[in-house]
Amino acid sequence: MKRVGALALRRLAQSVPVLLIILVGLFLLLQLAPGDTVDALLAQMGGGDAAVAARLRQDYGLDVSVPVQLGRYLVRLLSFDLGMSAIYGKPVASVIFERLSVTALFMSCALAFAFSAGLVLGVVAARRVNGWPDTLISTLGLVFYAIPSFWLGLMLIVLFSVKLAWLPPGGFESIGEGLTGLAHVLDVARHLVLPILSLSLIFLAIYLRLMRASMLEVMTLDFVRTARAKGLSEGHVLRRHVLRNALLPMVTFVGLQFSTMLGGSVVVESVFSLPGLGRLAFESVVQRDLNTLLGIVLVSAVLVIVVNFIVDLLYAKLDPRIVAR
Amino acid sequence: MSPALRAFLRSPAGILGVALLVLVLVAAASADWFFPRDPLSLAGRPLQWPGQNPRLLLGTDNLGRDIAGFICHGARVSLLIGLVATVVAVGLGTLVGAIAGFYGGWVDDALMRVTEAFQTVPNFILLLVLVAVFGSELEVITIAIGLVGWTAPCRLVRAEFMSLRTREYVLAARGLGVRDAGLIFREILPNALPPVIVYASVVMAVAILMESALAFLGLSDPNIASWGNMIGAGRSVLRTEWYVSAIPGVAILVTVLAFSLVGQGLNDALNPRLQAV
């Protein structure tokens with residue numbers, strides 16, 4: 001366990017400069033933006049003279065040189081002060097924190113579904129390679145990959161909410177029914193079925209293709225032939241020898257794809273009016289609330305780093321060949 | 001006929017992909033011919049179902065726009081944005097990947113940290129930041145989509161360069177006094193490009209999806225006929241006239257599928273190892 005931890009920690013240490021690059025990059029991006037906070041404020045107030053502008057710039061610390069501003073900005077962030085949200089009138093950190101749990105639940109469900117369904121379909125396809133189940137599954141994978149998630153979401157709403165009236169068309173829970181306990185859990189689950197399907201189908205397609213290719217690759221290796229020659233049953237060879245090795249690229253991909261998935265949640269959460277981080281990102285672009293938007297960038301970057309840290313731990317547990325160097 | 005081309009033509013995915021691609025290209029090329037009017041202008045009474053009016057094949061949306069004309073003009077927009085964004089992404093990725101892979105050492109370390117920074121921030125959220133800061137004109141959006149997609153081609157090129165830079169022909173060229181730029185662009189790059197070209201079809205598919213998502217949210221250029229835009233407009237009449245959102249979605253699906261299939265066909269042709277299993 002110690003060597004696993006050491007490896008993952010080393011990878012975590014590597015992400016410190018990455019985070020720093022992101023922060024400096026965002027700061028420079030804002031410097032490039034036409035007009036600063038004070039211009040935006042003055043425009044909101046309906047104009048103001050040069051003296052007012054100068055005093056405001058002093059208040060906001062915009063009267064000092066760019067490197068000093070950068071330094072102050074970094075120090076502020078280290079104390080987790082993300083500034084004030086212009087539209088919510090609250091600190092950005094608390095606005096984001098309120099939305100985080102919805103996105104976390106949504107993401108983990110979508111990820112779990114895409115991973116397990118992709119795994120099963122990939123194994124089935126690889127078992128009957130070039131047979132009809134393989135052709136069917138591979139074709140479905142290609143089609144799933146090409147479906148825009150927001151369009152799929154709308155079509156699912158038409159089918160399951162409007163025509164069949166089976167599932168709610170949006171929101172996170174039924175408002176004003178005061179559900180508790182199991183009833184509340186089921187209510188949230190019913191609200192999440194369609195969003196999860198819309199977001200995860202594209203990732204399901206990626207996982208199933210990866211799993212299929214990875215299974216085919218592993219099945220040609222010598223140790224599989226040895227296991228078969230030992231007289232082990234096909235099911236045993238598959239479960240104990242092929243699957244564990246074929247899973248490794250899948251696990252790596254969870255880490256790589258998590259950031260893309262988080263980006264995809266922006267559109268899906270907007271379609272289904274889920275009060276999560278993605279919808280907040282969309283709202284803050286529409287309302288030009290840059291403070292909130294940058295806060296979301298930071299929080300999502302940290303989330304991606306944390307998920308990759310967990311993936312590293314898992315990977316090292318699955319693959320005994322990995323040793324911390 | 002070269003063996004690679006013959007292998008491509010033997011892959012059903014490749015053939016279907018090319019067929020779908022031709023369909024999209026014909027739609028884009030004939031847009032001005034069949035639908036000379038401005039696709040954003042009023043063509044008739046709003047919300048006519050497809051087939052209801054023989055003059056308007058696919059009906060009209062809730063703003064009275066001709067859906068068939070909008071689809072054909074939208075094909076141009078999608079292809080144009082996708083193509084330019086792909087050129088930006090693959091060009092930038094190739095340049096950075098080539099430099100990192102060729103020099104290695106601290107140059108590689110520094111460039112890889114920047115690449116990781118771009119990979120850590122979710123692409124679509126970075127795209128939103130760029131749109132929020134620089135506005136949503138067509139040019140800005142196209143370049144922004146390219147800018148958020150360069151990391152995967154970069155890693156691909158870097159890996160190729162790392163394996164190719166110590167080959168004998170490179171060492172020979174170096175011995176003949178060829179400068180670094182010559183080694184990178186004239187000796188190594190032509191040999192590193194094939195996998196990147198295959199991957200470009202994936203970049204293109206992702207770029208088209210990203211633009212449509214942006215347009216769907218109403219954050220793309222409002223003055224262009226973008227498929228995502230019509231899907232977004234159709235949301236308000238989704239309960240009854242769902243075809244307004246459905247039809248442009250099929251157009252996106254067909255286009256993205258075409259590029260994925262072409263990519264698959266190229267992959268089958270250039271990497272036949274998995275077929276033999």
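**Salt bridges and helix packing in chain A**

A:E283 and A:R279 both belong to helix α11 of chain A, where four residues, about one turn of the helix, separate them. In this predicted model, the side chains of these two residues meet in a salt bridge with an N to O distance of 3.3 Å. A:R279 is partly exposed, its relative accessible area being 23%. A:E283, in contrast, has a relative accessible area of 16% and is therefore buried, the cut-off for burial being under 20%.

A:E283 also forms a salt bridge with A:R99, again at 3.3 Å from N to O. This pair connects distant parts of the chain, since A:R99 lies in helix α5 and A:E283 in helix α11 of chain A, 184 residues apart. A:R99 has a relative accessibility of 13% and so counts as buried. Through shared partners, the salt bridges join A:R99, A:R279 and A:E283 into one network.

The two helices concerned also pack against each other. The axes of α5 (residues 92-127) and α11 (residues 277-286) of chain A come within 8 Å and cross at roughly 135°, which makes α5(A) oblique to α11(A). On the α5(A) side, the contact is made by A:V95, A:I96, A:R99, A:L100 and A:T103; α11(A) contributes A:L277, A:G278, A:R279, A:L280 and A:E283. Classified by residue type, this contact of α5(A) with α11(A) has five nonpolar, two polar and three charged residues.

A further salt bridge is found between A:R212 and A:D134, with the closest N and O atoms 2.7 Å apart. A:R212 is located in helix α8 (residues 181-219) and A:D134 in helix α6 (residues 132-146) of chain A, so this pair ties together parts that lie 78 residues apart in sequence. A:D134 is buried, with a relative accessible area of 2%. Over all chains, the count of salt bridges comes to eight.

Of the 325 residues in chain A, 45% are buried. Among contacts in chain A with a separation of 6 or more, 72% involve residues 24 or more positions apart. The accessible surface of chain A is about 16,100 Å², and carbon and sulfur atoms account for 67% of this area.

Terms used
Residues numbered from 1 in each chain as written. Chains lettered and ligands numbered in written order. Predicted model: local features only at pLDDT ≥ 70, side-chain atom pairs only at ≥ 80, totals over all residues. Heavy atoms only, no water. Axes fitted to C-alpha atoms, helices over the stretch in contact; angles between N-to-C directions. Parallel < 35°, antiparallel > 145°, perpendicular 65-115°, else oblique. Contact = heavy atoms within 4.5 Å. Nonpolar A, V, L, I, M, F, W, Y, C, P; charged D, E, K, R; others polar. Buried < 20%, exposed > 50% of the residue type's maximum accessible area, 1.4 Å probe, protein only. Areas by Shrake-Rupley, 256 points an atom, 1.4 Å probe, with all protein chains shown as cover. Salt bridge = Lys/Arg side-chain N within 4 Å of Asp/Glu carboxyl O.
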